[in-house]
Amino acid sequence: MSDAGLMEDLYREIILDHYRQPRNRHAVDSPTCSADGSNPLCGDQVTVSVVVDGDRITDIGFAGNGCSISQASSSMMTQYVRGRTVAEARAGVGAFQQMMTTGEVAGLEGFDDIDALVGVAKFPARVKCASLAWKTLEQALNEGGAATPVTTDERSA
Amino acid sequence: MTGLNHAPSETQRLPFDLARIRRDFPILKREVAPGVPLIYLDNAATSQKPVQVIAELTRYYRDHNANIHRGVHTLSVESTELYEAARAKVARFINAPRTEEVIFTRNTTESINLVAHAWARKFLAAGDEVVISEIEHHSNIVPWQMLRDERGIVLRYIPMLPDGTLDLEVARKIIGPRTKLLAITAMSNALGSIVPLEVLVPLAKAHGATVLVDGAQSVPHMPVDVQALDIDFLAFSSHKMLGPTGIGILWGKMALLEAMDPFMGGGDMILTVSMDRSTWADVPAKFEAGTPNVADAIAFGAAIDYLDALGMDAVRAHEREVTDYALRRLSDVPGVSIFGPMDADLRGGVISFELEDVHPHDIGQVLDTYGIAIRTGHHCAQPVMSALNVPATARASFYIYNTTEEVEQLASALQAVSKFFGGGR
Ligand SMILES: Cc1ncc(COP(=O)(O)O)c(C=O)c1O
């Protein structure tokens, strides 16, 4: 894909902003649960750590490295999830995946930064970069981490 | 036979005329977007194909197509002759003593697995050592790990030095009386480092070990002579050297090939079959069970004719020049650091690099908008990535049709990438 307009679709300013100044890129104190995500083929790695108090996510942080899309998506994901309920966070995961498959904005309540990632849907090779943080969050909430990292790259084995 | 003499058997040397060479590759004329011509710098992954190879492929299907080795009719005889002629071209290209020592496989990976299954499983026992290196492609690591887990052989690695070359001091200690096989690449696909086979092969031979060379990156880019190298097996792929996908080569010394059992059972590889036993056909048929990839083997022959006409010394000289230029030019781009040896004599036409604050994936994506095709990722060499302590690199790799102007465009596009992501973390 080589059209300059498409490039601007992919690398919107807000994405570059999250990439350059990631939010919540830090360790959290005594996480309730955490999970690792990894796409070895492109070298994207993320660890998501969450503190859950009752049904609310009171703290979340991420660590790792990867391309601008994966890092910006991690930053946005944590910013969205922090302070919300576990159910809202799960709904966010679903809405994000929906956006990646349909190419229509997620329209998550109270947080429209995420809609900037809608352009990624036009770049099939990059959807896995954007999805990794969300998949990893879901894994953390489900079972608090698995023996092998979550991946969004079907060919990474 | 008339109608079959379109592929010259003795090729004439042509001068290395870059403009003429580029005209032979139709794909180099295409644009990846309106007004954006292709700059193809992913040759270590696969090369482009000249019209001569594409024409040979269609000519075969149009004029000769038939199954081989089993018909008395004209087409079957012609197909068999063309297929065997391609085998002879391959043999001459690598200076194999005998044409029958050349086995057609699907690719380098299958060739290495063939040796692991049909030679190593028969002749290696628990405790025997197989020596490989830290800069191998996964295809020369995983088959040996599988054999280790199955048979209890011991797998040892020659480590990589920080400059991407192998640690020969450690190699001298690792290769010893327990070494039964040295399985080593001739050139790293991730870093371009040329492996000093002239040092390692004698070390292995001194201990009576068998030597398998992964020539996937060397055979396409430099003269390779299996007799001068004094090796036992050589594996390489057609698709990285102007030929079609789906064809690879395993060359092996006749005595070894004869001692080995078949790799797969079926048609074409047997002499006789009765209800309770079969006897094997001679080499190479023993290793070519079933209908082979006839058309692609024949088109691979045309690719070898093309390289032969240029001369592999001239191919190497051209790539060395482009690589030397690129090493210097890319070093000048702010933020670029290059992995691997900086001396073009020590590396093939492969340059792995990183750009400060920009992930390789993003580099590749933005370069694509300039029409520049490079590879990003771990290049199927994760141990190299671990040794360099990076998750991935960006890699530009050259072939006979690449120019220093293309390197210039890569350099300026990288500057633009740097600016685009500017002031990263
Ligand atoms: C050094 C090396 N070995 C082996 C291979 C595997 O080749 P193939 O995929 O054609 O089997 C490659 C190709 O990437 C390579 O560069």
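Which residues surround the ligand, and which of them are the closest? In this predicted model, the ligand is surrounded by 13 residues. The closest are B:Thr109, B:Asp214, B:Gln217, B:Ser237 and B:Lys240. By residue class, the shell around the ligand consists of 10 polar, 2 charged and 1 nonpolar residues. The ligand sits in the second largest pocket.

For B:His137, the distance from a side-chain N or O atom to a ligand oxygen is 3.2 Å. The ligand taken alone exposes 390 Å², of which the protein buries 88%.

Side chains of opposite charge can pair when their charged atoms come close. Over all chains, the count of salt bridges comes to 30. In one salt bridge, B:Glu84 pairs with B:Arg87, and the closest N and O atoms are 2.8 Å apart. The two residues are separated by about one helical turn, because they are 3 residues apart in helix H3 (residues 74–93) of chain B.

Two features of the backbone were also examined. Most residues other than glycine have a negative phi, and most peptide bonds are trans. The peptide bond from B:Val283 to B:Pro284, however, is cis, with omega near 5°. B:Pro284 is located in the loop between strand E12 (278–280) and helix H10 (294–310) of chain B. In chain A, A:Asn24 has a positive phi of about 60° although it is not a glycine. A:Asn24 also belongs to a loop, here the one between helix H2 (13–20) and strand E1 (33–39) of chain A.

Terms used: Residues are numbered from 1 along each chain as its sequence is written. Chains are lettered from A and ligands numbered from 1 in the order in which they are written. This is a predicted model: local features need pLDDT of at least 70, side-chain atom pairs count only at pLDDT 80 or more; totals for chains, interfaces and linings use all residues. Side-chain values use heavy atoms; hydrogens and water are left out. A residue is near a molecule or strand if one of its heavy atoms lies within 4 Å of it. A polar contact is a pair of N or O atoms within 3.5 Å; within protein, one must be able to donate a hydrogen and the other to accept it, and residues adjacent in sequence count only if both atoms are side-chain atoms. Accessible areas come from the Shrake-Rupley method with a 1.4 Å probe; for residues, only the protein chains shown count as cover. On a 1 Å grid over the protein atoms alone, a cavity is a set of points where a 1.4 Å probe fits but cannot get out, and a pocket is an open set with protein on both sides within 12 Å along at least five of seven lines; lining residues have an atom within 4 Å of a point. A molecule sits in a cavity or pocket if more than half of its atoms lie within 2 Å of its grid points. Ala, Val, Leu, Ile, Met, Phe, Trp, Tyr, Cys and Pro count as nonpolar, Asp, Glu, Lys and Arg as charged, and the others, Gly among them, as polar. A salt bridge is a side-chain nitrogen of Lys or Arg within 4 Å of a carboxyl oxygen of Asp or Glu. Helices (H or I, at least four residues) and strands (E, at least two) are DSSP runs, numbered from the N terminus.
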